[in-house]
Amino acid sequence: EGWRDSDFETDSDENQNEPELDLTRTHTKLTVTILKPGGGVKLGMRITDSEDFREALVENVAASSIAAGAGVKSDDLILSVSGERVRCRGEATDKIAKAAPMFTLELARRKATRSSAKQSDTSNGCYGYS
């Protein structure tokens with residue numbers, strides 16, 4: 001799915017001295033579907049405000065949680081909840097709380113770079129890429 005200029009906004013309006021960050025170059029967009037459990041069960045993800053972009057940031061995802069099972073990962077940016085744009089933690093948590101039992105999250109996930117994919121293999125002194 002292609003990017004639109006309106007998909008992302010950066011903090012460049014507020015921080016004129018900082019370079020503008022371009023999510024379309026550093027992130028891949030994806031959509032996950034989540035089925036909310038009843039009875040006050042948590043989804044298993046901690047959301048905060050992104051320091052770099054005007055999006056909500058998934059700070060942590062608990063292993064074996066509903067969010068992890070749906071494919072949400074730590075450091076994902078939440079762009080929308082069920083098609084409604086999200087710009088901060090408060091909007092994301094409010095829209096998730098009010099969402100139907102089955103809802104979608106549109107996410108932006110940082111693209112892997114060669115240097116971030118590099119892993120040390122101490123068994124033979126070589127480096128591998130995963």
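Analyst: First, a term: helices (H or I, at least four residues) and strands (E, at least two) are DSSP runs, numbered from the N terminus. This is a predicted model, where local features need pLDDT of at least 70, side-chain atom pairs count only at pLDDT 80 or more, and totals for chains, interfaces and linings use all residues. Residues are numbered from 1 along each chain as its sequence is written, and side-chain values use heavy atoms, with hydrogens and water left out.
User: Where is Ser65 found?
Analyst: Ser65 lies in the loop between strand S3 (56-61) and helix H2 (66-70).
User: Is Ser65 buried or exposed?
Analyst: Ser65 is buried, because its relative accessible area is 13%. Buried means under 20%, exposed over 50%, partly exposed in between (1.4 Å probe, protein chains only).
User: What does Ser65 touch?
Analyst: Leu43 and Gly44, leaving out residues up to four places away in sequence. Contact means heavy atoms within 4.5 Å.
User: Zooming out, how many helices and strands are in the protein chain?
Analyst: The protein chain has four helices and eight strands. Their order from the N terminus is α-β-β-β-α-β-β-α-β-α-β-β.
User: What share of the protein chain is buried?
Analyst: Of its 130 residues, 32% are buried.
User: What is the mean pLDDT?
Analyst: The mean is 78, and 71% of residues reach 70 or more. Residues 8-20 have pLDDT below 50, yet this stretch has 23 contacts in the model beyond near neighbours in sequence. pLDDT is the predictor's confidence in each residue, from 0 to 100. Where pLDDT is low, the predicted coordinates should not be read in detail.
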